[in-house]
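This briefing sets out the computed features of one chain, grouped by topic. Please consult the sequence and the structure shown below while reading.

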Amino acid sequence: MVGARRRDADGDRAVTAVPEAGLVIVDKPAGMTSHDVVGRCRRLFGTRKVGHAGTLDPMATGVLVIGIERATKILGLLTATDKSYAATIRFGRTTTTEDAEGEVVEDVSAAAVTDAQIESAVAALRGDIAQVPSAVSAIKVGGQRAYKLAREGQAVELAARPVRIDRFEVLAVRREGEFVDVDVEVDCSSGTYIRALARDAGAALGVGGHLTALRRTKVGRYGLDEARTLEGLAERARLSYSLDEACLLGFPRRDLTADEAEDTRHGRALKPAGIDGVYAATAPDGQVIALLQDGSARTKNVVVLRPATL
């Protein structure tokens, strides 16, 4: 039956003939752009309304949050959440892209660098710092992406931005001739560039550094333990979370009366609820009507997910 749904034993939702709105947590493979993953999901879920929260470079793997149908409206809010990574930094080499895909700029022996010096360089990058983004980032410079200008050989100068590094931990140190490979884990705010951490730690040690591996392990509350491979989705395309589940997982809940729900569907403001930040305004039937935020006297619509015109 068109629109019918069935539930797996593990609670996953199957895709319907008319795609249901929600999120898919994908484990992005190496060698694909985030846009490549979006394109694959468009075909698998049978809809053009697909987007992603937080770009991963082609060499990077791990958690990529994909929005289907109306769930694309909340992706911007998810992008702003904290993220976690596992990475390997190679000290002793500087590259044009600050990762292993770039051309070698300079090799400086790191054989004499001690474990204590590495720990000190890493520790200096914890907390609230001003970070100069990677020259091959997606930040726009004069209307063009920085990475495009950098790959054309143009000099790219980006201003430092405030970021927060909650955790930057050394897990293992391996010495490979003139190089030192260091496995690290990072918990950080949105907007942090892990390759820039590698660059800056290498600069502090005086030998340069770049990323040789990067895996995103968490975006907000979404982790690798629930991420699905593209191969698995090709066998059976299904959501990780419905739109309502995603909203209620990511934001505080405000229960609305039937009249309040109707007002919200029509975009009319409500009395404030006394809830900090963005919250999920939920109708008596459990459907999330909108994401709202309290103003001084009335609520503000962040995004109306189920308008009266739907």
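Of the 310 residues in the chain, 46% are buried (under 20% relative accessible area; exposed is over 50% and partly exposed lies in between, with a 1.4 Å probe and protein chains only). The model is predicted, so local features need pLDDT of at least 70 and side-chain atom pairs count only at pLDDT 80 or more, whereas totals for chains, interfaces and linings use all residues. Residues are numbered from 1 along each chain as its sequence is written, and side-chain values use heavy atoms, with hydrogens and water left out.

**Overall architecture**

- The chain holds eight helices and 20 strands; these are DSSP runs numbered from the N terminus, with helices being H or I of at least four residues and strands E of at least two.
- Taken along the principal axes, the box filled by the C-alpha atoms is roughly 70 × 50 × 40 Å.
- Among contacts (heavy atoms within 4.5 Å) between residues at least 6 apart in sequence, 66% join residues at least 24 apart.

**Packing of helix 3 and helix 5**

- Helix 3 (residues 115–123) packs against helix 5 (residues 194–205) at an angle of about 130 degrees, and their axes are 9 Å apart.
- Axes are lines fitted to C-alpha atoms, for helices over the stretch in contact, and angles run from 0 to 180 degrees between N-to-C directions.
- Helix 3 and helix 5 are therefore oblique to each other, given that angles under 35 degrees count as roughly parallel, over 145 as roughly antiparallel, 65 to 115 as roughly perpendicular and the rest as oblique.
- Gln117, Ile118 and Ala121 of helix 3 meet Ala201, Ala204 and Leu205 of helix 5.
- The residues of this contact comprise five nonpolar, one polar and no charged (Ala, Val, Leu, Ile, Met, Phe, Trp, Tyr, Cys and Pro count as nonpolar, Asp, Glu, Lys and Arg as charged, and the others, Gly among them, as polar).

**Surroundings of tyrosine 147**

- Tyrosine 147 lies in helix 4 (residues 146–151) and is partly exposed, at a relative accessible area of 32%.
- Leaving aside neighbours within four places in sequence, tyrosine 147 is in contact with Ala135, Val136, Ser137 and Ala138.
- Serine 134 is 13 residues from tyrosine 147 in sequence, and their C-alpha atoms are 8.5 Å apart.

**Cysteines**

- Zero disulfides (pairs of cysteine sulfur atoms within 2.5 Å) are found in a search of the whole structure.
- The cysteine sulfur closest to that of cysteine 41 belongs to cysteine 247 and is 19 Å away, too far for a bond.
- Cysteine 41 is buried, with a relative accessible area of 0%, and cysteine 188 is buried with 1%.
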